[in-house]
Amino acid sequence: MITIYGRSSSINVQKAVWTAAELGLEVGRVDADGTIGSIDTPDYRKLNPFALVPTLAEDGLVLGQSLAIVRYLAGKYGLGTLLPADPGAAARADAWMEWGNSDFWVMQLRAIYWNYARTPEENRDMNLVNANWEQCAGQLRIFEAELADRPFVMGDRLTIADIPAGCAISRYFRTPRDDFPDIPNIRAWYARLRDRPAYAELVDAQPY
């Protein structure tokens, strides 16, 4: 039995639970909400010494870090589907997974999200937000070109390459702005993700 710890609104938890759902796995959930009282405890630190979410537990294996969890689940249960069987294709999928998590989300979009979703309007750093918004647009133009001739990042089917970027793009398009770049391929890809029941429920329906 797989158990995943973490609140449903966390982008990192969403990567793990969406992956599990796409693989048709039965998952027990402990909806630790990220507050000190729920994860910064001795019991939770025995599972995850960093006191972060998500944490996966299965048959004696305890694993933190969202991308490690995605790789583990895809490698064990989705080889040849969610994880390409060819090593070169798997490496390219992994590279795009790193892009979605690091170059797009952590380095650019997270500061925008944090200012709009977690900071009172009078305290927002709009200089930072606007600078990062422009940098996001630059990153997304690269991604736009990648999606020019295929429905998903690696081709005709969803893979791990779509997971981190898919979680981030939901927040991007729900950002309260009206100056989005012209990225029709990404919008079409996002629409395809939203047609997937697991994504619609576990990512896109969650609070901004």
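**Ground rules.** I note that this is a predicted model, in which local features need pLDDT of at least 70 and side-chain atom pairs count only at pLDDT 80 or more, while totals for chains, interfaces and linings use all residues. Residues are numbered from 1 along each chain as its sequence is written, and side-chain values use heavy atoms, with hydrogens and water left out.

My helices (H or I, at least four residues) and strands (E, at least two) are DSSP runs, numbered from the N terminus. I call two strands paired if DSSP finds at least two bridges between them.

**Sheet.** I traced an open sheet of four strands in the order β2-β1-β3-β4, with mixed pairing. The edges are β2 and β4 (61–64); each has a single partner strand, so one side of each is left without a neighbour in the sheet. From one strand to the next, the twist averages 20 degrees; angles here run from 0 to 180 degrees between N-to-C directions, and axes are lines fitted to C-alpha atoms, for helices over the stretch in contact.

I then went through the bridge partners. The hairpin of β3 and β4 has two residues between the strands, and Asp-59 takes a positive phi near 50 degrees in it.

Are the faces of β3 covered or open? I found both covered: Thr-55 and Ala-57 on one side, and Leu-56 and Glu-58 on the other, are all buried. Buried means under 20% relative accessible area, exposed over 50%, and partly exposed in between (1.4 Å probe, protein chains only).

I checked the loop between α3 (42–47) and β3 (55–58), where Pro-54 lies. A cis peptide bond joins Val-53 to Pro-54, with omega about 5 degrees. Ala-51 is in the loop between α3 and β3 as well. Ala-51 is not a glycine, yet its phi is positive, about 55 degrees. Ala-51 counts as buried, at 9% relative accessibility.

Gln-65, in the loop between β4 and α4 (66–77), also has a positive phi without being a glycine, about 70 degrees. Gln-65 counts as exposed, at 51% relative accessibility.

**Leu-73.** I picked this residue of helix α4 and found it buried, with a relative accessible area of 0%. Not counting residues up to four places away in sequence, Leu-73 touches Ile-2, Ala-16, Thr-19, Ala-20, Leu-23, Leu-25, Leu-56 and Gly-78; contact means heavy atoms within 4.5 Å. Leu-73 and Leu-25 are 48 residues apart in sequence, and their C-alpha atoms are 9.3 Å apart in space.

**Core.** I listed the largest nonpolar core, which has 62 residues; Phe-143, Ile-169, Tyr-172 and Trp-189 have the most contacts inside it. Helix α5 (residues 87–118) gives the most to this core, with eleven residues. A nonpolar core is a set of buried Ala, Val, Leu, Ile, Met, Phe, Trp, Tyr and Cys residues joined through side-chain atoms within 4.5 Å. Leaving aside neighbours within four places in sequence, I found Ile-169 in contact with Phe-104, Leu-140, Ile-186, Trp-189, Tyr-190 and Tyr-199.

**Helix pair.** How do helix α7 (residues 163–173) and helix α8 (residues 184–194) pack? I read an angle of about 110 degrees, with the axes 11 Å apart. α7 is therefore roughly perpendicular to α8; angles of 65 to 115 degrees count as such, under 35 as roughly parallel, over 145 as roughly antiparallel, and the rest as oblique. On the α7 side, the contact is made by Ala-165, Gly-166, Ile-169, Ser-170 and Phe-173. The α8 side supplies Ile-186, Arg-187, Trp-189, Tyr-190 and Leu-193.
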